[in-house]
Amino acid sequence: MPTIIMGKLASKIDGSIRSKAMSFLQKLGTDDTTSGLHIEPIENAVDPRVRTGRVDNFWRAVMFRLDSDGERHYVIHGIWPHDDAIAEARRVRLSVNPINGLPQIAEIEPPAASVPAATKSSSSQSLLGSLGHDRNVLVETLGLPEHIAGQALAAVDDDAVLDLAQRYDGWIGTILVDLAAGDAVDSVVARMELEKTAPSDDTDADVLHSLKRPGAAFQYAMIGDQDELRRVIDGGDFGAWRVFLHPEQRRYVERSYNGPFRLSGGAGTGKTVVLVHRARALARRSPSARIVLTTFTTNLAGALGDSLTQLDPRVPQTKKLGQPGVHVSGVDALASAVLRSAGSSLAASVREVLGEDRSAPLARTTGTRWREIVESTSTSLPTALANESFLSSEYGHVVLPNKIHDEAGYLRVRRPGRGVALDRAKRSAVWELVAAYRAQGRIDGSLDFAEAAAVAAAHLAGQMDKLADHVLIDEGQDLSPSHWQLLRALTGEHPDDLFIAEDAHQRIYGARVVLGRYGVAIVGRSQRLTLNYRTTAQNLHYAMKIIEGEQYVDLEDDMETTGYRSARTGPEPKMVPVESLGAELEEIGKRVQAWVASGTHADTVAVLVPDRFHRDRVVTALTERGVDARAVDRDRPAKGRVAVMTMHRAKGTEFSKVVIAADRPSPAELARLETLAPPERADADLRRRSLRYVAATRARDELVVIYPQH
């Protein structure tokens, strides 16, 4: 039974022949002698292992047959019209790069590539030349083919190098992007795990070995069965993350860590991809393992579960916390599950955290409770402190994690990182409002979400038997102190206990947290991803401008840096000023209608807006234009429809083309911000910028930003 090895180029099959390609590859993987496949060598081909196969009367597959240890393997190069396929098959050769040990498909007479008019071939005039790289480095150290090295040394700027990298997708393109970003050659060699390999007498075996190297996994994938083959074909370019991992990503998927590990990186760098793959790897490594995959919101948790299913539906996903398999859940749902299972011991945990009882601890306090307390309770605090933003943050970051029961405890407690200094009188005044808040909680018997997480953490901390072996956390920057105490208590302290993905630039909920204060000790186990796989360089540049100049701090209390780069290029984002809401709706309708009319699939288009009011107005406007659009809230984006959602809801999604309605803050919102203390106001501005950054990085290819002119 032959083994199918899919190349990244081959996975990008035109939708019109996808089903035929699937049928052809399924038959090939079952029996390559099947009548009708017409697997044939090509006369006068430069590589005697090249074959073509009949997809239908018009289309032909080009592949390489490798024989080793009595087994046949087919490396699928691509699918072209008949005559083009024959021409391609005659001129391509699959070999092992003698310098870096990776597989490469080369044309014997590669076509001359166009060089920018203002470019000279001298490396001293090129971007890479200015960074100290020459032909010897590119060819003799990194293994770039001679003609590609020449083109790279002729590229005058980032855009020219990116164009070249996009043309040569895979390990060649990745090396070019890293060099253009200023990475040292030694760093590139280590990250890609490049090394010379001595050839053997069995050239087919040599190629197969090279295809299994970490650096090759970004470009080739061994297909295990028919189901996996279907996922590769159906996923296309949007699903490439499920199959083709960068060697650095694969390292974080497979490596074991002696305690909590933190993986940071900007939007689109593949942190979530690593988490999902790691969940599968842990489940494969130990089928009895209890794995928790969690994040801040229910919507994001649903997307994680969907991604795991798309990656490998054979990975068991368990609905009940504490059972073998992968339990995918939002972090607040985890807290509720712990409380439901606590039984009679729950009351003691409530008293441990709050110093009082609650009659209905499974019920949740209304989200407006702090506002109601401020409006109904007289206080000597200035408005900069007597507001729901400061009080809820103080309660969640100081009172709850320290299990403070009374004013005396609050007067003594340390408040590191809070930004706003409180003297004794102000602390007493704050506690009066906290006491009023808790009194209302006693009346209805409920817990708010932060209290529920704190109580769940207290309950688990007293249990010898933990509910999870491994906890994988996405969007860690948005979690609260009580959330971190809960997640720390879910599993014991042992290798591979916590794996955390975060990006300080995407913190759009709550105040920042320092992990070390809540029992999560990273102690140097931290790495950062910098290569963006989703967004074009042009869209990424626009997104980074939004957060430029601001200071963002990560979960280890260190300044978050940027330095992100993209391997993809595309059109510049379009900035469109409008004078009114009506003009905004007209512009959105015109842009979206044009995209859909030109053949863009509706479900790869999204409109992102500030709030639900805008969302519903946009859906109505698009519907009136005959565009099938749907407002997306708690449900998932619908197939075949343009998605319209708030920027908050867009977290964790991606689309080919995006329109952002970038409204200015309303007078009421500006007035509210003015009431905040300066540190709280500055943090609110950081979150506002982060929200715009999140929205801008949802676009893979095209981005349009519509903003009010006045």
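The legends below describe an overall view and several close-up views of one predicted protein model.

In this predicted model, local features need pLDDT of at least 70 and side-chain atom pairs count only at pLDDT 80 or more, whereas totals for chains, interfaces and linings use all residues. Residues are numbered from 1 along each chain as its sequence is written, and side-chain values use heavy atoms, with hydrogens and water left out.

**Figure 1. Overall view of the protein, with its 27 helices and 22 strands.** Helices (H or I, at least four residues) and strands (E, at least two) are DSSP runs, numbered from the N terminus. The radius of gyration is 28 Å, which agrees with the value near 27 Å that a compact globule of 710 residues would have; the radius is taken over C-alpha atoms, and the globule rule is 2.2 Å times the number of residues to the power 0.38. The C-alpha trace spans about 90 × 60 × 50 Å along the principal axes. Of the 710 residues, 55% count as buried, where buried means under 20% relative accessible area, exposed over 50%, and partly exposed in between (1.4 Å probe, protein chains only). Among contacts (heavy atoms within 4.5 Å) between residues at least 6 apart in sequence, 73% join residues at least 24 apart.

**Figure 2. Domain 3 and domain 5 in contact.** To their contact, domain 3 gives 28 residues and domain 5 gives 31 residues.

Figure 3. The buried residues include Pro481, His483, Trp484 and Arg488. The packing partners of the buried residues are helices α15 (331–341), α18 (388–399) and α21 (449–461), together with strands β10 (290–295), β12 (470–473) and β13 (498–502).

**Figure 4. Serine 349 in helix α16 (residues 346–354).** With a relative accessible area of 6%, serine 349 is buried. When its neighbours within four places in sequence are left aside, the contacts of serine 349 are Val455, Ala458 and His459.

**Figure 5. Histidine 38, a residue with positive phi that is not a glycine.** The phi of histidine 38 is about 55°, and the residue sits in the loop between α2 (18–30) and β2 (40–41). Histidine 38 counts as partly exposed, because its relative accessibility is 43%.

**Figure 6. Aspartate 496 in the loop between α22 and β13.** Aspartate 496 has a positive phi of about 60°, although it is not a glycine. Its relative accessibility is 9%, and aspartate 496 therefore counts as buried.

**Figure 7. Alanine 638 in the loop between β19 (629–631) and β20 (642–646).** At a relative accessibility of 17%, alanine 638 counts as buried. Asp603 and Arg630 are touched by alanine 638, not counting residues up to four places away in sequence. Between the C-alpha atoms of alanine 638 and aspartate 474, which are 164 residues apart along the chain, the separation is 24 Å.
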